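Hello,

Here is the structure for your files. My notes on it follow below.

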Amino acid sequence: MQQTLVIFKPSAIGRGLTGRVLSRFEQKGLVIAGMKMMLLDEKILREHYAHLVSKPFFHEILDSMTASPVIVMVLRGVDAIEVVRLMTGSTNGRNALPGTIRGDFAMSNQENIIHASSSPEDAEVEINRFFKPGEIFDYSRADRGFVYGPSEI
């Protein structure tokens with residue numbers, strides 16, 4: 001089973017959307033392997049958004065991502081990275097398709113509710129950035145046989 005990192009950004013927390021968004025992942029059949037609330041600081045944000053640090057709008061990212069606590073989680077499932085990315089939708093909420101998380105809840109490129117890992121390599125690095133090994137759990141949901149066919153698990 002593949003793992004991916006998801007961050008519920010301050011825009012999700014501030015708008016009271018965490019339950020609605022989380023339920024979408026659970027309804028899809030993804031397993032919550034780890035989850036916690038935390039305050040992000042500039043050090044971890046500079047690491048997480050290293051590819052954007054030199055951009056003129058980076059200070060806006062810092063302000064946005066430190067506006068409130070965030071919820072970080074590890075989701076697990078077959079092709080979890082691709083599944084979560086499809087569910088999340090386009091980065092700019094105005095361009096995200098209806099039915100996606102951003103398409104239904106976001107109107108902004110920055111205040112776009114959620115972050116999701118973009119590749120297996122990024123997922124591994126990001127999970128290790130936010131979680132210690134003992135904070136991620138390996139278990140199966142009772143409905144696993146109804147989520148996947150026998151040859152998929």
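Ala67 counts as exposed because its relative accessibility is 59%, where exposed means over 50% relative accessible area, buried under 20% and partly exposed in between (1.4 Å probe, protein chains only). Ala67 sits in the loop between α4 (58-65) and β3. Its C-alpha atom is separated by 12 Å from that of Glu42, 25 residues apart along the chain.

Before the rest, note that this is a predicted model, in which local features need pLDDT of at least 70 and side-chain atom pairs count only at pLDDT 80 or more, while totals for chains, interfaces and linings use all residues. Residues are numbered from 1 along each chain as its sequence is written, and side-chain values use heavy atoms, with hydrogens and water left out.

Overall layout

The chain has 8 helices and 4 strands; helices (H or I, at least four residues) and strands (E, at least two) are DSSP runs, numbered from the N terminus. Along the sequence the pattern is β-α-α-β-α-α-β-α-α-β-α-α. For 153 residues a compact globule would have a radius of gyration near 15 Å, and the chain agrees, at 15 Å. That radius is taken over C-alpha atoms, and the globule rule is 2.2 Å times the number of residues to the power 0.38. Of the 153 residues, 44% count as buried. Among contacts (heavy atoms within 4.5 Å) with a separation of 6 or more, 75% come from residues 24 or more positions apart.

The sheet

The 4 strands form an open sheet in the order β2-β3-β1-β4, with antiparallel pairing; two strands pair if DSSP finds at least two bridges between them. β2 and β4 are the edge strands, each pairing on one side only. From one strand to the next the twist averages 20°, with axes as lines fitted to C-alpha atoms, for helices over the stretch in contact, and angles from 0 to 180 degrees between N-to-C directions. β2 and β3 are joined by 7 bridges in the antiparallel sense, and Val31 stands opposite Arg76 in β3. Helix α2 packs on the sheet and touches β1, β2, β3 and β4; its direction makes about 170° with that of β1.

Cores

A nonpolar core is a set of buried Ala, Val, Leu, Ile, Met, Phe, Trp, Tyr and Cys residues joined through side-chain atoms within 4.5 Å. The largest has 21 residues, of which Val6, Phe8, Val21, Phe25, Leu75, Ile113 and Ile114 touch the most other members. At least two residues of this core come from each of β1, α2 (18-28), β3, α5, α6 (101-105) and β4. Another core, of 18 residues, lies apart from it and includes Ile44, Leu62, Met65 and Ile127.

Helix α7

In α7 (residues 120-130), Ala123, Glu126, Ile127, Arg129 and Phe130 are buried. They are on the same side of α7 because they cover an arc of only 155° around the axis, taken from the directions from the helix axis to the C-beta atoms. Glu121, Glu124 and Asn128, on the other side, are exposed. The cover over the buried residues includes β1 (2-8), β2 (31-38) and α3 (42-48).

Positive phi

Two residues are worth a look. Asp79, in the loop between β3 and α5, has a positive phi of about 55° although it is not a glycine. Ile113, in the loop between α6 and β4, has a phi near 80°. Asp79 counts as partly exposed at 43% relative accessibility, whereas Ile113 counts as buried at 1%.

Regards
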